Amino acid sequence: MPDSNQDQVSQTPAAHDVIIVGGGLAGGLIALALHRHAPDCRFLLIEAGRTLGGHHRWSWFETDIRPGARALMAGFALNGWDEGYDITFPRLGRTLPTAYRSLASAEFHRALMAELPAEQVMLETKAAGLDAGGVTLADGTRLAARRVIDCRPFKPSKALSGGWQVFLGQHFKCETPHGLTRPVIMDASVDQVAPHGNGAAYRFVYVLPLSEDEVFIEDTYYADQPKMDADVLKGRVAEYAHRNGWKGEVIDQEAGILPVISGGDFNAALAEIAIPGVAVAGARGGFSHPLTSYTLPFAVDNALAIAGLIARRPEVTGAELAAFCKRRAKRHWGATAYYRMLSRMLFEAAEPDKRVVVFEHFYALRGALVERFYAGRSTWPDRLRILTGKPPVAIPRAIRALFSSGKPLNTETPA
């Protein structure tokens, strides 16, 4: 931890208006929104790692972010494709017209460090304790604050149900141009088999053409356990590249295990992580899409909402901010109930080898419906349309899943 950063932090009471703990997507965007929209706010962003954002790639459809909120992402160098994206299934291949965006965490870090005041970001700094009056660092240093926002990673809870999305992606520098002009958001024509012969699983490959001769290939599958065999996934990525005739070297790699929440007692889950007077945001606070695990659109909305509140009401207390974020979390949980129901239908009602058929059915629907689905804004006609037609699941199993609370979320530490 740089001594210079420590020297710049005053130890007087309420030295900071806001301390944000966790410099991932949610925390970084909150800091950026405060910097732009509440310029008088004395905030501090604390991150345990060496860089903001970790080692990830976030992607989203252009329509996922409301037009009035897109300016927050201005300043980041994004990969973008305005000509749409492709999907591939055993019996369906299609190009949908929605523009797509992607942001690498290295660019997230670079842009934030260039825009945020250096004295308001602390890297390689671990927070040992959070409370309504500030943050205690691992070395015992006490940082006082009027408000504290907890943006640390998602914490699994036995109060929640669901599974996990497991993925590993590699960035290839190809020897020759790869020939892709659009992202392949979902290629589910691959074998639907989980690692180590654990039976069928919904699996797909995700491909982003980052430049004429660079391509990002990610192998993804849904699992009951938060475990990954990186060597197996690396082999799958290599096989996919070989199948497409792409030769070259791997210049970067990322991997992750994300929760896919299908139900549970959200109030109990919030109570497990609650610290009196401390606000919670990001995936830790439940702000993700239950079925796709997308987080960026919700992180943008939250960042602007928090910054807007502090700009309008500079006197707002930490307890009031915590209550504000909790209300937003509960509204989000209520608004995404339909997607949790679909998750239960997929993983409890559909036979493992038929899960791909469920997604194939969905992607045959109208493009505007798909857009609203990813944005978490499906209309009631959308919801009915998704569930109509020849069901790819048995009716009795579907009814049981409809009224089920879901499979308990495995709370082992992701490996």
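Which residue forms a salt bridge with Asp86? I looked that up first, and the partner is Arg182, with the closest N and O atoms 3.0 Å apart. By salt bridge I mean a side-chain nitrogen of Lys or Arg within 4 Å of a carboxyl oxygen of Asp or Glu.

**Ground rules.** I am working with a predicted model, where local features need pLDDT of at least 70, side-chain atom pairs count only at pLDDT 80 or more, and totals for chains, interfaces and linings use all residues. Residues are numbered from 1 along each chain as its sequence is written, and side-chain values use heavy atoms, leaving out hydrogens and water.

**Entry 1: that pair again.** I found Arg182 in the loop between β12 (160-174) and β13 (184-187), and Asp86 in strand β5 (residues 85-89), 96 residues apart. Here helices (H or I, at least four residues) and strands (E, at least two) are DSSP runs, numbered from the N terminus. Asp86 is buried at 17% relative accessible area, while Arg182 is partly exposed at 25%. The cut-offs are under 20% for buried, over 50% for exposed and in between for partly exposed (1.4 Å probe, protein chains only).

**Entry 2: other salt bridges.** My search of the whole structure gave 20 salt bridges. In one of them, Glu360 meets Arg91 at 3.3 Å, N to O. Glu360 sits in helix α9 and Arg91 in the loop between β5 and β6 (92-96), so this pair ties together parts 269 residues apart in sequence. Glu360 is buried at 8%, but Arg91 is exposed at 67%.

**Entry 3: helix α9.** I then checked the helix that holds Glu360. The buried residues of α9 (residues 355-363) are Arg355, Val356, Phe359, Glu360, Phe362 and Tyr363. Seen down the axis, they fall within an arc of 160° and so line one face of the helix; the arc is that of the directions from the helix axis to the C-beta atoms.

**Entry 4: the cores.** I counted as a nonpolar core a set of buried Ala, Val, Leu, Ile, Met, Phe, Trp, Tyr and Cys residues joined through side-chain atoms within 4.5 Å. The largest has 47 residues, and Leu29, Leu34 and Ile149 have the most contacts inside it. Helix α6 (296-312) is among the elements giving two or more residues to this core, and its nine residues are the largest share. Leaving aside neighbours within four places in sequence, Ile149 is in contact (heavy atoms within 4.5 Å) with residues including Val18, Ile30, Ala279 and Leu321. A second, separate core has 38 residues, among them Leu96, Tyr339, Phe373 and Ile386.
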